[in-house]
Every structure is written in C-alpha cells, then in structure tokens.
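Subject: Structure for your review

Dear colleague,

Please find below the structure that I am handing over to you. A summary of the findings follows it.

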Amino acid sequence: MTSAAALLLSLATIDPTIVAVNTERARHGLKPFAQHTVLERSADRFAARLVRTNRFAHESRIRVPAGRFVRLGEVLAQGGRTFTPADAVRAWMSSPPHRRILLSRKFTHAGAGAAGSTIRVMHFGASSS
C-alpha cells in the first residue's frame with residue numbers, strides 16, 4: 001500500500017465530528033485530537049443514554065476505565081432531524097464554554113458519539129501515559 005493510500009484509509013476511519021473539530025483546531029494553530037476508542041465508546045454510550053432517558057444534561061462522571069486519562073471533558077449538542085457533525089461543531093464553536101474545550105491544549109484525545117441524528121457527544125481526555 002502506498003503512503004497516499006494509507007493516509008486515505010486512515011482518514012476514512014476518523015469520525016466526521018473529530019475531523020470537523022480538528023479542522024477548527026488547525027485554523028487556530030493547534031494540534032489535532034487523536035481519536036481514542038475508549039472515549040468513542042463512552043461518548044456513544046452516553047448519547048444513547050440521553051435518548052433512552054429523554055434527558056439532555058452533563059453527568060458528573062465520564063465513564064472510562066480508571067487510570068486511562070488524567071483529565072476528562074465533555075461537550076453535548078442537540079439539533080433537528082438533520083443535525084450533522086458540522087452543525088454540532090458550528091454550535092460548539094459559537095458557545096464560549098464549548099469553544100474553550102474544543103480549542104483546549106489540555107486535551108490530546110477525543111471520541112465522538114451520536115444517537116440518531118439529533119444528539120452529538122464528544123468526550124476528551126489527556127492521556128496518563
């Protein structure tokens with residue numbers, strides 16, 4: 001496999017929400033978040049729980065294995081029937097508290113989750129290793 005083909009394959013597996021966030025980070029001269037499967041599963045589970053319980057609120061604890069991360073963060077977004085990853089990122093970038101998290105140098109990894117087309121969740125972490 002050529003390096004160009006490997007790059008295209010790796011880009012194809014990156015969640016579109018993370019791609020959109022990393023585009024914003026690049027515009028601000030920041031390093032991209034590395035996609036992390038533990039954070040991805042956590043964000044997906046939380047998005048599904050929000051829909052299942054008909055609640056839209058942050059929890060006090062992001063559920064990931066102990067010791068994996070030294071710092072954790074979360075952003076949530078809710079929209080209409082055609083709420084895309086790009087729509088969520090635009091909403092987060094328009095909100096100063098959410099924008100601070102997306103552009104934070106304190107986090108190095110991210111995972112994105114969604115429930116249906118209306119709920120988007122991102123979990124962020126700073127690796128302990």
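A charge is said to sit over a ring if NZ of Lys or CZ of Arg is within 6 Å of the ring centre and within 35 degrees of the ring normal. Please note that the model is predicted. In this model, the charged end of Arg-25 sits over the ring of Phe-33, at 3.9 Å from the ring centre.

Overall architecture

The protein has five helices and four strands. Starting at the N terminus, their order is α-α-β-α-β-α-α-β-β. The protein has 129 residues, of which 40% count as buried. Among the contacts with a separation of 6 or more, 65% are between residues 24 or more positions apart.

Helix 2

Helix 2 covers residues 16-27. Its twelve residues, at 1.5 Å a residue, should span 16 Å, and the end C-alpha atoms are 17 Å apart, which agrees. At the N-terminal end, helix 2 is capped by Asp-15, which places a side-chain oxygen 2.7 Å from the backbone nitrogen of Thr-17. Just after the helix, Gly-29 adopts a positive phi of about 70°.

Thr-17, Ile-18, Ala-20, Val-21, Asn-22, Glu-24 and Arg-25 are the buried residues of helix 2. The elements against which these buried residues pack are strand 1 (34-35), helix 4 (85-93), helix 5 (96-102), strand 3 (109-115) and strand 4 (119-127).

The aromatic cluster

A pair of aromatic rings is described by the distance of the centres and the angle of the planes. The count for this model comes to two aromatic pairs. In one of them, the ring centres of Phe-33 and Phe-124 are 5.1 Å apart and the planes stand at 50°, so the pair is tilted. This pair links distant parts of the chain, since Phe-33 lies in the loop between helix 2 and strand 1 and Phe-124 in strand 4, 91 residues apart. Phe-33 has a relative accessible area of 4% and is therefore buried; Phe-124, with 0%, is buried as well.

The rings of Phe-107 and Phe-124 have their centres 5.8 Å apart and their planes at 35°, so this pair is also tilted. Here too, distant parts of the chain are linked: Phe-107 belongs to the loop between helix 5 and strand 3, and Phe-124 to strand 4, 17 residues apart. Phe-107 is buried, as is Phe-124. Phe-33, Phe-107 and Phe-124 form one aromatic cluster.

Helix 4

In helix 4, the buried residues are Pro-85, Ala-88, Val-89, Trp-92 and Met-93. They cover an arc of only 130° around the axis, so they lie on the same side of helix 4. These buried residues pack against helix 2, strand 2 (69-78), helix 5 and strand 4.

His-123

His-123 is located in strand 4. Is this residue buried or exposed? Its relative accessibility is 2%, and residues under 20% count as buried, so His-123 is buried. The side chain of His-123 makes a polar contact with the side chain of Glu-74 at 2.7 Å, and the His-123 side chain also reaches the backbone nitrogen of Ala-43 at 3.4 Å. Leaving aside residues up to four places away in sequence, the residues that His-123 touches include Leu-39, Ser-42, Phe-46, Ile-62 and His-109.

Yours sincerely

Terms used. Residues numbered from 1 in each chain as written. Predicted model: local features only at pLDDT ≥ 70, side-chain atom pairs only at ≥ 80, totals over all residues. Heavy atoms only, no water. Helix = DSSP H or I, 4+ residues; strand = E, 2+ residues; numbered from the N terminus. Expected span 1.5 Å × (residues − 1). Buried < 20%, exposed > 50% of the residue type's maximum accessible area, 1.4 Å probe, protein only. Contact = heavy atoms within 4.5 Å. Polar contact = N/O pair within 3.5 Å; in protein donor to acceptor, adjacent residues only side chain to side chain. Phe/Tyr/Trp six-rings, centres within 6.5 Å; stacked < 30°, edge-to-face > 60°. Arc of directions from axis to C-beta.
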